[in-house]
Amino acid sequence: IGNAMEAILEMLYNLTESSAGAKWAKAIFPWFATIMIYVLFANLLKLVPGFESIGVIHHAHGEGHAVQHMGGFDMILPEEGEYILAPFFRGISVDLNFTLTLAVISFVMIQVIGVRAQGMAYFSKFFNTKRMFKVPFFGAMDFLVGLLEVISEFAKILSFTFRLFGNMFAGVVLVAVVASLLGNVSILAAMIMMFELFVGLIQAFVFGMLTMVFMAMATQGHGDEEHAEH
């Protein structure tokens, strides 16, 4: 297990170094690897038997399901009724609070890495007024492009949040629908669970890779006006 983890981390570090360069790989790699492994653990956690399927049954205030009594236990049925299940355990990746928090952490650290690499000049891509009075037309265009950069930067939070949450929540719904239509003993339901395992791995890699790529981009300059003028 130790050798396998070492090989995985070495692969992730080499990937970071090839994208961000050797200079910033050590600063970016801990965030990339930690976020990716943590999201992978969160995604796979909801596949553990008992998660979101064992809990306490309550009366529904709106739409609910029927209940079948089985000895000392009750089982929720797909048919309409007046009961809902409040599970003891939920996968954290299907909670919007988790994905939003992780997105904010990623967003903040992207800015931190950018400031560390370029200093206060990093913010010039958002508020570019260097040519505003020298070349008014192109200066105004630069300023508008900077405003678009601000919007796109904050859009990363929404993108990170709802990409992970949407894919993981859709998987939970898909598994529940297939299980209710075909029964719990079905090869198709098992195949859907294997598909969820694959999706959980892919989404963790995508979340980590996007964080790493955005951090690598933040370390690079966004145009050199002096060279352009020459």
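## Overall picture

Of the contacts in the protein with a separation of 6 or more, 66% are between residues 24 or more positions apart; a contact here means heavy atoms within 4.5 Å. This is a predicted model, in which local features need pLDDT of at least 70 and side-chain atom pairs count only at pLDDT 80 or more, while totals for chains, interfaces and linings use all residues. Residues are numbered from 1 along each chain as its sequence is written, and side-chain values use heavy atoms, with hydrogens and water left out.

The protein has six helices and two strands, in the order α-α-β-β-α-α-α-α from the N terminus. Helices (H or I, at least four residues) and strands (E, at least two) are DSSP runs, numbered from the N terminus. Of its 230 residues, 31% are buried. Buried stands for under 20% relative accessible area, exposed for over 50%, and partly exposed for values in between (1.4 Å probe, protein chains only).

## The hairpin

Strands β1 (residues 55–70) and β2 (residues 73–87) run antiparallel and are joined by twelve bridges. Two strands count as paired if DSSP finds at least two bridges between them. I57 has L85 of β2 opposite. The two strands make a hairpin with two residues between them, and G71 in the turn has a positive phi of about 70°.

## Salt bridges

Two salt bridges are present in the structure. The term covers a side-chain nitrogen of Lys or Arg within 4 Å of a carboxyl oxygen of Asp or Glu. One of them joins the side chains of E196 and K46, at 2.9 Å from N to O. This pair links distant parts of the chain, with E196 in helix α5 (residues 187–218) and K46 in the loop between α2 (22–45) and β1, 150 residues apart. E196 counts as buried because its relative accessible area is 4%, and K46 is buried at 9%.

E153 and K156 also form a salt bridge, with 3.2 Å between the closest N and O atoms. About one helical turn separates these two residues, because they are three residues apart in helix α4. Both E153 and K156 are buried.

## Aromatic pairs

The structure contains six aromatic pairs. Rings of Phe, Tyr and Trp (its six-membered ring) pair if their centres lie within 6.5 Å; planes under 30 degrees apart are stacked, over 60 edge-to-face, and the rest tilted. Y38 and F98 form an edge-to-face pair, 5.6 Å centre to centre with 75° between the planes. Y38 belongs to helix α2 and F98 to helix α3 (residues 96–118), 60 residues apart. Y38 is partly exposed at 40% relative accessible area, whereas F98 is buried at 13%.

F160 and F214 form another edge-to-face pair, 6.1 Å centre to centre and with 75° between the planes. F160 is in helix α4 and F214 in helix α5, 54 residues apart. Both are buried, and together with F207 they form one aromatic cluster. T211, also in helix α5, is buried with a relative accessible area of 0%. Leaving aside residues up to four places away in sequence, T211 touches I35, S106, I110 and F160.

## Surface

The accessible surface of the protein is about 14,200 Å², and 71% of this belongs to carbon and sulfur atoms. Accessible areas come from the Shrake-Rupley method with a 1.4 Å probe; for residues, only the protein chains shown count as cover.

M120, F123, F127, M141, L144 and L147 form a nonpolar surface patch with about 600 Å² of accessible area together. Patches consist of residues with over 30% relative accessible area and no salt bridge, where like charges are joined within 9 Å and nonpolar side chains (Val, Leu, Ile, Met, Phe, Trp, Tyr) within 5 Å. L147 lies in helix α4 (residues 136–182) and is partly exposed, at 33% relative accessibility.
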